[in-house]
Every structure is written in C-alpha cells, then in structure tokens.
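Biologist: Please place the model before us, so that its organisation may be discussed in questions and answers.

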Amino acid sequence: MKNVTRLLLPVLCMGTLWTACSKDEGQPGNGGEGGGQGKTKYIIASTPVASTGVADYLLTTDNITQGAISTQGNGKEQDGTYRYYITHRNRFFSLLYGQGNPGAVTTYNLNAGGELIKVSDFQSETVQVHTTMNDDIVTMKVPRSGNENALVFRIDAQKSQIAGEAQVNIVHLAGNGERAHFTWATQAGNKLFAPYMSIKGAAPDVFGTSFPDSCWVAVFSYPDLKLERVIRDNRTSYLGAYFTSGLVQTESGDLYGFSGSSATSNGTPTSTKPSAVVRIKKDATEFDKNYLFNLETASGGHRFANQTYFGNGKFLLEMYAEKGKTSGKVKFAVVDVTAQTFAWVTGTPADITSTSRLCNLVAGDDKTIYAGLTDAGGSYVYSFDATTAKATRGLKVEGGKITGIAKLTY
Amino acid sequence: MQYIKVLLTGFLCLHFFSVLSQEPSPRAIITGHVKQPSGQPVPFATVKVQNSTAGALSDIKGVYTLPALPAGEYTITVTALGFETQEKKIRLQGGANTTLHFQLAPAARDIDEVMVIGRTATQEVNRQSYNVTAIDATKLYNSTLDLSHALDRVSGVRVRENGGLGSRINFSLNGFTGRQVRFFIDGIPMDNFGSSFQLNNIPINLAERVEVYKGVVPVWLGSDALGGAVNIVTGQQLRTYLDVSYSYGSFNTHRSAINAGYTAKSGFTLQLNAFQNYSDNNYPVYVDVADINTGAYYPSQKVRRFHDTYHNETVIANVGVVNKKYADKLLLGITLGQNHADVQTGARMVSVFGKFYTRGNIVMPSLKYAKNNLFVKGLNLRVSGNYNLGEEQNVDTVYRRYNWFQQYKTYNGLGGERERTLYKYRNNNGLLTSTLDYKLNDHHSFMLNHVFNTFDRKGADELYPQSAKYEQPQKLTKNILGLGYKFDYNNRWSTSLFGKYFMQGTKYSQSYNPSGNWGDIAYRHQQNKFSKTGYGISSSYFITPRLQFKGSYERSFRLPDTYELFGDLLNLEGNIQLRPEKSDNYNVGASYSFRLQGDHRFSLDGNFIYRNTADFIRASLNQNQTKQVMENRDRVTNTGFDGEIRYSYKKLLTAGVNATYQNIRNKTRFEPGSSEHSILYNDRIPNMPFLYGNGDASLFLPGVFGKGNTLSLGYNVLFVHAYYLYWPSLGNDKLDIPQQLTHDVNATYAMAEGRYNIALECKNLADARLYDNFSLQKPGRAFYVKLRYFFKK
C-alpha cells in the first residue's frame with residue numbers, strides 16, 4: 001500500500017499545484033526550420049475532459065484572443081497525459097512524467113508552412129523539475145522515498161539530447177534527517193538556484209515535515225552542477241511547491257522567492273509563518289533581511305499557489321480562493337514585488353476548475369500573460385493585463401481543458 | 001470447439017421392430033455385440049435386417065439379440081450415433097442360433113429425425129439456452145497452446161498479450177475486460193490463485209473442455225461476473241489414465257505436462273497434474289534504442305529481448321475416494337506452484353529494464369465433496385473450498401539504467417530501475433462454494449449456490465522496516481447467493497430463471513500520524529459495504545432438431561474487487577472510491593446445421609448481443625503512464641454481433657471462420673465538473689479491439705504409414721482490425737494499434753490410435769510484427785515440436 005501511496009501523492013499534488021513554460025525571451029533561436037520569416041503560431045495543449053483513454057493534443061492556431069478551436073479531428077495526439085511542456089530556443093519540448101520509468105521526450109518546431117512538426121525524440125528520465133539554463137533545459141528527477149539521490153540532467157536544446165548529468169544526495173543536502181525535495185530550479189547568472197522543501201520521505205506521511213518554518217535554496221555551479229551553498233531563511237516556509245516554481249530573477253538581477261506557507265504534517269498545514277515574498281539581492285549569498293512582502297496581509301488572508309512573471313517586477317499570482325487554505329480552487333492577483341502592491345484580477349470565471357499554470361505564455365511586453373482557464377462552462381484562453389489587473393476571455397478550446405500555451409516563430 | 005458442432009448433432013431412431021412373419025419353418029436367433037475399435041461397447045445401436053421389419057437395439061453392454069428368423073440369407077445393417085454404418089451378410093441355417101459381432105468405426109453422422117440420446121459433453125454445453133461456446137480441449141492436446149491462446153479462437157473473445165510466454169494477458173469478452181469476466185476451474189472461482197496458476201501458464205492438456213458464457217452466467221457459477229464467465233473443466237471422467245507431453249521450441253521454450261489418474265476398485269482415487277513452462281522469450285523486436293548517455297534514439301533497431309525469462313512450475317495433487325455411500329466424491333488436494341518473471345519493459349517499449357523481476361508462489365490446500373441423491377432422490381450436493389497461502393513479490397534493487405543494447409549505467413547509492421522495492425505480500429484468500437440442486441421431475445429442477453470469499457492482504461518490504469507499521473489493513477469478505485429454477489417443457493423448449501444476491505464488506509484503514517512526532521501512528525478505519533441483487537432469464541427453443549433459437553438476459557453486477565480497491569502494487573493502483581458496476585446484458589442467437597449432397601456438412605451460428613453498462617469500471621493507464629487504475633465510467637453500451645460458419649467433409653476435412661464485431665460506445669453526456677455536452681459522447685471506446693475473427697482448417701489423413709496412425713495438417717488465421725489507442729474522434733495525427741494478421745500451421749502425427757503423438761507447429765508463419773497493446777511487440781515466427789504419450793484404461 002505504501003507504494004500506492006507514494007504513487008498517488010504526486011497525482012494528488014499535481015491537481016492542486018503548477019509555472020511558466022513559455023517565455024518570449026526576445027531570443028530569436030533558430031527561427032524554425034522555415035528559416036525565420038518572423039511569423040508566429042501559437043501552440044495549445046489540451047487534455048480531453050474524459051477520465052479514461054486520455055491523451056494530450058497539440059493544436060496550432062494564429063490567434064488566441066478570439067474564436068474557437070476543437071480537438072475533434074484536429075491536433076497532434078501525444079502518447080498520454082501528464083506531459084509537461086517547455087519552450088526554449090524556438091523549440092517546443094513535450095516531456096513525460098514517467099513515474100520512475102524512462103520515457104520519450106518529443107521536440108517540435110514549425111516548418112516553413114507554419115505546421116508543427118516533430119524534430120526529434122530522445123529518451124529521458126521521468127521529469128519533475130524542468131527549467132531553462134543558457135542553451136540547455138535542466139530537468140531533475142527527485143525520489144521522494146527510498147533512493148537518496150536526485151538526478152539532474154542537462155539537455156542540449158539544439159541537439160535534443162542529454163549533455164550531462166549529476167547526482168545529488170538529498171538526504172545529505174537536507175542534513176536534518178529528512179530529504180531535500182527540489183520544488184523547482186531557476187537560472188541566476190551562471191548559477192542554478194534550486195529551492196527545496198524538506199520532506200520525511202517515509203510512509204505514510206511522505207510529503208510531511210517536522211521543519212515547516214524554514215526555506216532553503218541550493219545553489220549549483222553550471223554546467224558541472226556542483227553544490228556550492230545552501231541559502232536559508234526562517235521567516236517563511238519553503239519556496240514554491242512540488243511542481244511549482246517559487247523563485248524568479250527579475251531584470252535587476254534580484255531573485256524573488258514565493259512561499260505559500262504550505263508545509264504540512266499528516267496532510268495538515270503546520271507552518272506558523274505567513275505566505276510571503278522574500279528576496280535574495282543580486283549576487284548575495286543570503287536572503288535580504290529587510291525585505292518581506294506578506295501576501296496574506298496584502299490579500300486579506302489568502303495564500304500563494306503559483307506565479308508567472310510579467311516582467312518589470314510584476315507577477316501574475318494564483319492565490320487559493322479560500323482564506324488560510326493551501327489547496328483547492330484558485331483566483332488571480334497581480335502583484336508588484338518592488339512596489340509591494342497587490343490587486344485582485346477581475347474578469348476571470350468565478351469557479352475555476354483548472355488552469356494552465358505550468359505552461360502559461362508570457363507575451364514579453366511586460367504586461368501580458370496568456371493562461372488557459374477551465375470551468376464547468378468550458379476552457380478558454382484568457383489574457384491578463386498587468387497594468388489594469390483585468391482578464392479578457394479569448395479563444396475557446398472545445399472538448400478539453402487547456403494545459404499549456406506556447407508560441408513559436410517560423 | 002466448433003469441430004464437434006459440425007461433426008454432428010446426433011439423433012438415433014428408436015425403432016421398435018416386431019416380428020411379423022408367421023411362417024412355420026424352424027427359426028434361429030442372431031446375437032452378438034457391437035463394439036468400437038477400442039473394445040468399448042456401442043450401446044443403443046440399431047441392428048436391422050434388410051428387406052424386413054425385424055430389428056433390435058444393442059443394450060448398454062453393446063449386446064443385441066434379433067428376433068428369431070427363418071432360415072435364409074440376410075443382410076444385417078448396424079447404425080449408431082457417431083459411427084459409420086456397417087453391413088454384414090449372413091446365411092442362417094434353420095434352427096441354428098448364430099453369433100455375429102460388429103465393430104463400428106467412429107464417424108460424423110447425423111440422422112434427421114427424432115430423439116437425441118447421445119452427445120458429447122461439449123455439445124451438451126453448446127445446446128444450453130445460454131450464449132455459450134465450449135471448446136473441446138481434447139482436440140487440442142497435441143498443440144502447444146495454453147488456455148489463453150485456445151480461448152483466443154472463440155468468437156467474442158480477444159486475449160491481448162504484453163509479450164511472449166508468461167507475459168501478462170488481458171482477456172476481453174464482448175468488450176468486457178479484466179475482472180468483469182470471471183474464471184472458474186470445475187465451477188470453482190479462480191480469483192485467488194495468484195500469478196503461478198493462470199490462463200497464461202496452464203497448458204491446454206489440463207482441461208477437458210473450456211466453456212465461455214457470454215453476458216449471462218448460469219447460477220452454478222456463483223460469482224459477480226458482469227460480462228460473462230469462463231469455466232475450465234478438467235478431465236476426470238477417465239478412471240485410470242496417463243498423459244505426458246513435452247514441447248520444445250523457439251526462444252529456448254520448454255514446456256511439459258503430466259496428467260495422471262488412478263482409481264482402484266475400492267474407490268480410492270489419485271489425480272496428479274503437473275506442468276512446467278520455461279522460456280527465455282528472447283525474441284527479436286524492432287525498437288528505437290536510446291543512447292545510454294545522451295538519450296538520442298537509434299531508430300528501428302532490431303534487438304533481442306534480453307531480460308524476459310519466464311518460468312513456472314505447478315503441481316496439483318488430489319487424493320480421495322469415489323462412489324462411496326457417504327460421498328460420490330471426496331477429494332483432498334493441494335496446489336503447489338511458483339513462477340519467476342523478468343520484467344523487460346514498462347508500459348511502453350522505450351522503458352527497458354535489465355534486472356527487475358517479479359515472483360510468486362501458490363500453496364493452496366483444497367477440499368471437494370460431492371454427494372448425489374442426498375436424503376432424497378434427485379437432491380445433489382457439491383461443496384468445495386480452498387485457501388491460498390501464496391505470496392507475490394516485486395524485486396527491484398539494482399540502481400541501474402539499461403538500454404536495448406544491454407548497455408547500462410550504474411548509479412551510486414541505493415536505488416532501483418523503477419522504484420526500489422522488495423515488497424512482498426500475501427492475499428490470504430479463502431473460498432468456499434456450495435451447490436445444492438434438486439430435480440423434482442423431468443420438468444422442474446432447482447438450484448441453490450453459495451460462494452463465500454475472504455481476503456486479507458498482508459505485506460511488508462524488508463528494505464523499509466520502518467514502514468511496516470504503516471501497512472494498512474485491507475480486508476474483504478464477499479458472499480454470493482444464487483437461486484435458479486429450470487423448466488423443461490419438453491425436449492424442444494427449456495427456460496431458466498435465476499436470481500443472485502451479492503454482499504461485500506471491505507475494511508480498509510488509513511494510517512496517519514496523530515501527533516506529528518516521528519513514528520507516531522494511528523488508523524482511520526474505513527468500511528464500505530455493497531449489497532446488490534441481480535437476476536436473469538434464459539430460454540431455448542428447437543424449431544427443428546437442427547434449428548435452435550436462444551435468448552437470455554441478465555441484470556448483472558460486479559463488485560469492485562480487492563485488486564481494484566487496493567491495487568496489485570505493480571501495475572494497478574488502488575482506488576477505494578469505486579462503485580459496483582452494473583449491466584443489462586441481452587443475447588439473442590440462432591444456430592442451424594444442414595448438409596449438401598450427403599457429405600458436405602455446414603453449421604451456422606449467430607449471436608446478437610446488447611450490453612448497457614453503467615458505472616463501467618475500466619482500466620486506463622494512470623496519468624503517469626506506467627500503472628493502470630480502475631475508474632467508474634458513467635455509461636457505456638455495446639451492440640455486437642458474432643457469427644460462425646463451419647464446414648466439414650466426411651472425416652477428411654473441417655474448416656470454419658468466425659467474426660466478431662462490437663460497437664462499444666461512450667454514452668456519458670456530461671463529464672464530472674463540466675456542464676458542457678461531452679464531445680466524446682457516442683465516441684467509440686478507445687484501445688479496444690472492435691472487429692476481429694479467426695479461421696481454421698484441418699485435414700485428417702488416416703492410415704498414413706500404417707493402420708491406426710493419423711496425420712493431420714492444420715492451419716489457423718487470426719485477424720484483428722486496427723484500433724485507436726485514444727479517443728477516435730480526437731486529433732488528426734493519431735496513435736493506433738495496427739492490424740494483426742497471423743497465420744499458424746501445424747502437423748500432427750498420431751500413432752497407435754493416438755497413444756504416441758508428435759506435433760510440429762509454426763506460429764506467426766509470415767513473421768508479422770504484432771502488437772496487442774500499444775508499442776509492445778509480440779514474438780515473430782516461432783517453431784515448436786511437441787511429443788505426447790497418452791494411455792487410458
């Protein structure tokens with residue numbers, strides 16, 4: 001039963017957690033196989049509403065601000081759901097969460113006609129953490145029990161193959177009798193910053209911890225992935241969450257960390273610290289003790305669930321809709337972490353059942369993010385405006401829920 | 001199975017002849033016996049004097065006596081069901097009684113008229129009012145088939161395999177899969193037998209026949225089967241026999257089986273079945289091979305499977321008495337077995353393993369008791385029980401990553417290929433079935449059946465002793481009570497009515513840590529109970545002896561079982577929230593046989609089925625792709641048809657084709673959490689074969705290289721239409737399971753009336769690339785030789 005619990009946990013967690021997969025980084029990449037005419041297509045990943053026989057479909061469209069698109073007779077079928085997407089160097093990577101099993105990663109780009117085509121397949125280990133770093137995609141496979149070593153892979157985005165890997169002993173890293181479980185990883189300069197949660201890693205409370213009131217960020221050199229230091233703080237619980245990015249570097253070079261105060265023991269939240277934003281100044285080796293943006297105070301008691309970065313210090317946050325909760329339905333807010341302002345977003349559905357949080361599209365104009373929101377009435381692309389804190393309903397995706405939005409040029 | 005249908009529906013005329021002649025001359029009597037070549041008597045053979053009305057029937061010992069005839073020359077004709085007609089001339093001297101013996105050769109015969117007094121057990125099963133197909137396993141004894149492959153030839157049935165010998169199979173019957181179809185051995189549910197005694201390793205020689213009940217399950221097979229049942233009937237009618245076989249073939253495959261029985265005059269009886277399977281399963285496959293370091297694929301490489309050895313060894317022994325005053329049968333038995341299966345791949349071929357394996361064993365004592373005419377004539381009691389003490393274990397302790405080139409990386413520390421485990425569990429599964437039937441008279445009979453099932457899984461992992469105390473109790477008890485009534489109006493019309501009451505209690509405990517302190521533990525106890533009542537009716541009418549109509553209906557339930565509720569810890573995740581699934585199953589069928597120009601015999605059989613299933617429990621790959629999880633689907637219907645045509649010519653040739661079409665549709669209008677009309681409403685359920693069929697032909701050449709020897713040549717073809725892995729209506733660039741077309745051929749040479757047999761087989765003659773499941777390639781062309789010795793007394 002223990003095994004089943006271990007396996008079910010990520011599934012349960014996944015239902016409630018999510019980060020940005022596509023950023024319009026202003027980097028031209030290879031311009032697609034078409035040679036780069038500067039034209040754009042949007043890629044939308046959609047999962048059918050059915051509870052069995054479910055695959056993710058990749059749809060291609062020119063416009064995501066209006067109209068409708070369907071998976072009926074349309075779209076590239078992928079083998080299985082729990083695919084995760086990341087766009088880097090104008091290529092769209094479809095990663096498989098394989099639960100211990102290795103699996104195929106498929107890389108797509110656009111041909112001269114703007115059609116999504118498969119560039120290559122390569123084999124990778126099961127994916128949890130996935131982020132971009134220089135020309136690479138970095139993935140981490142973090143065991144939650146048993147095995148004491150996390151595997152970190154460097155995937156060359158151009159070649160679509162693994163360039164290197166490293167093992168990190170997460171029990172030694174935690175150093176407190178528990179396990180360091182990386183929530184996500186973020187590039188800062190030429191280092192890889194990986195926040196982690198401390199977990200017991202033993203049945204029946206695998207994801208519980210006896211250390212709910214601390215946060216940690218492991219800093220790795222790159223590309224040799226050597227652990228350089230751990231930056232700690234005791235003003236918040238851990239940053240990010242399982243499958244959720246909680247650390248972002250802004251244009252100034254400062255890193256902002258988001259804590260949902262979501263540490264648990266036996267499934268019950270146990271942190272005494274507030275959900276808050278903390279900061280590591282550029283090139284600093286510790287948290288900025290003078291900075292703490294208390295999100296619970298700012299929001300009237302709500303806690304952080306997920307973030308996507310607009311740019312220019314502004315973030316789109318998903319906050320748990322119920323005060324004091326660390327799970328369940330979400331609503332949106334726009335925050336400015338430098339000015340420490342908080343505004344609830346208007347124009348979203350009242351009762352959102354799922355969002356595309358792991359793969360929202362950042363437009364790159366510092367004020368627009370596209371996200372897929374699904375409620376009982378269907379699934380739509382919404383565009384969020386950082387200046388007005390308004391969401392506008394756009395493209396409808398019929399017959400499924402949007403799990404990712406990306407943009408490629410050709 | 002179908003061979004028999006063709007070979008006859010036999011009818012024997014019961015003509016009673018009287019002596020009409022009144023001539024006064026001295027008369028004489030002709031007597032004698034009618035026997036088979038084997039020496040066994042032929043009872044009820046009609047012995048007729050040509051050009052006269054005189055005749056007689058042979059008695060139970062085959063002995064006949066003709067009425068006294070005047071002197072003269074006579075031609076005596078003997079006819080009997082299932083035998084060639086024989087004529088003999090005789091000159092009768094006045095007053096001199098004469099002896100005349102006949103030896104009849106078996107034949108395919110059918111006589112047009114009247115009463116039926118002899119049929120094989122297999123035919124009897126097929127004549128029932130249920131939608132049932134029986135396979136005569138004895139006809140397959142010289143083949144290397146296991147039960148699953150034999151069943152794969154039945155219309156409506158599709159057996160999907162993950163790989164070679166011993167690989168996991170998925171049995172489907174009219175679209176019902178997994179535990180919606182129940183398996184029995186001699187009427188005893190096989191639910192608790194573990195991996196060491198399963199369809200994919202039981203040789204065909206263990207069975208005498210296999211009965212497949214589609215949709216409507218008779219009450220004596222006491223179980224909560226949603227979509228049908230398979231009953232394996234082992235051959236025990238022979239008192240003393242020995243059947244030994246060994247086969248060897250491609251991929252270093254060795255299989256042997258011994259079936260022996262002995263019954264003394266005192267009633268002491270001993271039965272022994274032992275079998276063994278071994279295969280390296282190292283058949284070549286075409287696969288994209290990942291570079292061990294970079295992950296880059298070398299596409300479409302031909303490699304051999306290298307970590308797929310399977311073996312199992314099983315012994316079943318029964319000892320007891322038969323034909324005693326206190327028991328017609330009382331047997332104490334034990335089943336002992338073990339298996340070891342290397343795991344080569346995960347749910348997809350790109351997940352390759354080099355050390356991970358599973359093993360299991362079975363230690364199952366059993367008791368069988370039968371008493372006919374208990375207290376009153378016509379009241380029969382049968383009781384059987386068993387308890388499985390066997391264990392199952394997954395062994396994954398080598399921290400490596402393999403690729404298909406057998407290269408590997410070894411990592412530091414303690415890990416596994418998939419997830420480090422030595423988890424071992426025992427299901428502690430016990431079963432008691434009791435059946436009481438009472439035949440009031442020729443028209444009315446009653447049956448009461450009760451099955452009690454208990455399950456208490458206990459498991460531990462020696463690698464994680466600290467987790468042992470968190471093991472969650474998983475207890476289940478199930479009671480099924482069935483009551484049936486059968487009305488036989490006459491021998492043309494028969495109707496059965498039945499009701500079944502199901503009751504299941506599950507105890508499940510979730511452990512938690514009440515204080516938050518390390519190692520503290522408490523349990524939240526959960527209990528759920530199901531009770532349901534199912535019912536059904538089946539009826540059969542013979543318009544003519546050769547034309548039968550059948551209809552049956554059952555409101556069936558299946559309670560989620562322990563595997564679905566708790567998982568199997570390897571491929572199936574638990575889901576404690578499951579509800580019982582229910583289905584309304586309808587069958588209408590007809591069968592007709594006829595012959596053209598005397599020797600060309602045909603039989604036609606067609607069935608229409610309709611299934612309306614709610615809360616359909618259906619396996620889907622869990623969203624992580626590597627395990628399956630069972631879920632309740634709101635509603636699914638299946639409208640299907642299967643048909644079979646068989647042909648035979650004398651004793652020389654038999655051939656047939658069958659085809660199955662099933663239209664299984666999603667009827668869920670609104671998915672949970674959505675107010676939108678589902679775009680998948682009315683879509684075909686994905687990853688389920690919907691059109692498939694079998695063809696076969698056999699040629700029998702008697703007397704090759706000597707009398708009593710027979711050479712037979714056989715051919716089988718299997719066709720499965722391609723089907724989609726995911727919902728058919730979605731996407732335009734789709735994944736599918738391609739069409740399968742496989743040809744198997746075999747030659748069998750039987751010597752000394754079947755005492756010594758040698759068979760050669762080639763499976764997948766065209767070396768087609770076959771997939772039953774997405775990306776999991778099955779073996780290509782393979783050759784086997786089988787030697788068999790059979791003796792009976």
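Biologist: What percentage of the residues of chain B count as buried?

Modeller: This is a predicted model. A residue counts as buried if 20 or more other C-beta atoms lie within 10 Å of its own. Among the 793 residues of chain B, the share that counts as buried is 45%.

Biologist: How many strands are there in chain B?

Modeller: Chain B has four helices. Of its contacts with a separation of 6 or more, 65% are between residues 24 or more positions apart. The number of strands in chain B is 51.

Biologist: Which strands stand at the edges of the open sheet in chain A?

Modeller: Four strands of chain A form this open sheet with antiparallel pairing, in the order β5-β3-β2-β34. Each edge strand has a single partner strand, so one side of each is left without a neighbour in the sheet; the edge strands are β5 (76-77) and β34 (400-409) of chain A.

Biologist: Which residue in β3(A) is the bridge partner of Ala45(A)?

Modeller: Strands β2 (residues 40-48) and β3 (residues 57-61) of chain A pair in the antiparallel sense over five bridges. In β3(A), the bridge partner of Ala45(A) is Leu58(A).

Terms used. Residues numbered from 1 in each chain as written. Chains lettered and ligands numbered in written order. Predicted model: local features only at pLDDT ≥ 70, side-chain atom pairs only at ≥ 80, totals over all residues. Helix = DSSP H or I, 4+ residues; strand = E, 2+ residues; numbered from the N terminus. Buried ≥ 20, exposed ≤ 12 C-beta atoms within 10 Å, placed from the backbone. Contact = placed C-beta atoms within 7 Å. Pairing = 2+ DSSP bridges.
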